[in-house]
Structures are given as C-alpha cells and as structure tokens.
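Please consult the sequence and the model alongside the text.

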Amino acid sequence: MSLESLPVHRGLRVPYVAAWTGEKDISPAVTTAAGALRYVDPVVDSACRWQGALWRRLMRAQGEGEPVFEALHPVRQRRAMWEQLCQVCGVSVAEEAAEMGGALYLGGADGPVGADPIADGERTENPPLHIACAWESVRHCRHLLAGYTAARVVEPRQWGVAGTLHAAAGRTVVPVKKAARAAYGSSLLPWMLAERALVELVGVRTVDLAVEAECAGLALAGGRR
C-alpha cells in the first residue's frame, strides 16, 4: 500500500495495521495436545502457527465496516513487525532507516504529564513509521495528541508475542491472563493465543520529530508535542 492509497474514514486515513469491524474473529475453539495450546481444527491450527505460538484468527477484510483505530489486526501487525513495514502506510521503512541511522518509532503519553522517552531495551507492539506518516499521526491520532516521544532505533530485535495465556485444566484449557507476554523459545509460548508481535528496541536515539519533519520538507503547522 501507500499513504495515498489507504482507506479514508471521516476525512482521516486509516493506518495499515488498524483493525476493522468487518474483520470478525473466526478463531476455532482451543484445546490442548502434546503440551501446547491448539485449535480443534488441525488445518487452521497449522495455518495459524508462527514462531512457536498459536495466533488468533481474524478475517482479512481491510476497509470493510468501521475502523477500530485502537485495535491492531494480528496478521498485519505481525507482518509490519517482522518485515519492518510502516504501521500507517504498510510500505518498508528500510531505506529511510538506513539513511537516518535507524527506524523511527513513536511512543504516546500514558497520562497528563506527557510521554516518557523511549528507552533502550524497551519492548513494543507498535511497528515503525516513515517520517511523513509519523508527522501525520501526531497531528491526528488521539493517543498522540496528548503528547508523544520519537526515537531512531538501530536494531529492533524480534522478542516475542502478547496475547492471552492459557493453562491446561484436565482435558481442556482455560485463559489465565489476558495481557500476557511471552518470549520466543520460552516455556509460556506454547500456551499463548498470540495477538501482537513484540520487538525489543536496541540502539535507541531520541529525536525531535518536528526537526526531522522540517528537514524532510513537511509542513509544520498543527503539530503538537
């Protein structure tokens, strides 16, 4: 995709990774076998495995229904993380990252005091962005209007997944923690119903997005920090 080809909703471009109401959850029931969480449908189970984790299955119907800006489509989010695609336009950030000394990441404010700087070693579920896409985001995204921080990251390392942790209960399984995280290769990973991929940010350098935007020839009107 590209920034210009993104679906538009009420005058706003809808990011590539955002979920839509038309993308229903079609995950089969889960069970346990061979010491891991599994879908009861073996064909779907095989198709929904990635790096040792079972992934929640949503329909792929980008643009259908209403956008859910605060929700991420599992497959598009995972693809953006592993292929280093911009979370807004869905195009690779590799060329810009090479030119600018790292991929661009944004962090939003957690409260009224603004956003803390992105820390080296921090783990995030938010894919990288291009300068132009980041600049548009900080002027229109509700989560970022309250404040944001930006950083260039030399090495985003694939770390693990976030989702719902399950445990065996006799011959069935039960969810035990919804907002769980599990590293690739950990003993928890086989019991996760994954929804988002996580990367660890290594080689973090805080940057001024307004300065980068100005150097890139982008309009500065309307930006907030």
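How much space lies in the largest pocket? The largest pocket holds about 1,200 Å³ of space. The model is predicted, so local features need pLDDT of at least 70 and side-chain atom pairs count only at pLDDT 80 or more, while totals for chains, interfaces and linings use all residues. Residues are numbered from 1 along each chain as its sequence is written, and side-chain values use heavy atoms, with hydrogens and water left out.

**Pockets**

A pocket is an open set of points on a 1 Å grid over the protein atoms alone, where a 1.4 Å probe fits, with protein on both sides within 12 Å along at least five of seven lines; lining residues have an atom within 4 Å of a point. A volume is the space filled by probe spheres set on the points.

| Pocket | Volume | Lining by class |
|---|---|---|
| Largest | about 1,200 Å³ | 20 nonpolar, nine polar, 13 charged |

The largest pocket is lined by 42 residues, and Gln 87, Asn 126, Cys 141, His 143 and Leu 144 lie nearest its centre. Elements that each supply at least two residues of this lining include strand S8 (67–72), helix H4 (131–140) and strand S13 (192–207). Helices (H or I, at least four residues) and strands (E, at least two) are DSSP runs, numbered from the N terminus.

The lining of the second largest pocket includes Cys 48, Trp 55 and Arg 78. Cys 48 counts as buried because its relative accessibility is 11%, where buried means under 20% relative accessible area with a 1.4 Å probe and protein chains only. Arg 78 is also among the buried residues of helix H2 (residues 74–83), as are Pro 74 and Met 81. Just after H2, Gln 84 takes a positive phi of about 55°.

**Cysteines**

The structure holds zero disulfides, a disulfide being a pair of cysteine sulfur atoms within 2.5 Å. Cys 86 is buried at 0% relative accessibility. Its closest cysteine sulfur, in Cys 133, is 3.7 Å away and therefore too far for a bond.

**A hairpin**

Strand S4 (residues 30–33) pairs with strand S5 (residues 36–39) in the antiparallel sense over four bridges; pairing requires that DSSP finds at least two bridges between the strands. Thr 31 has Arg 38 in S5 as its bridge partner. Two residues lie between the strands of this hairpin, where Ala 34 takes a positive phi near 55°.

Notes:
Buried < 20%, exposed > 50% of the residue type's maximum accessible area, 1.4 Å probe, protein only. Nonpolar A, V, L, I, M, F, W, Y, C, P; charged D, E, K, R; others polar.
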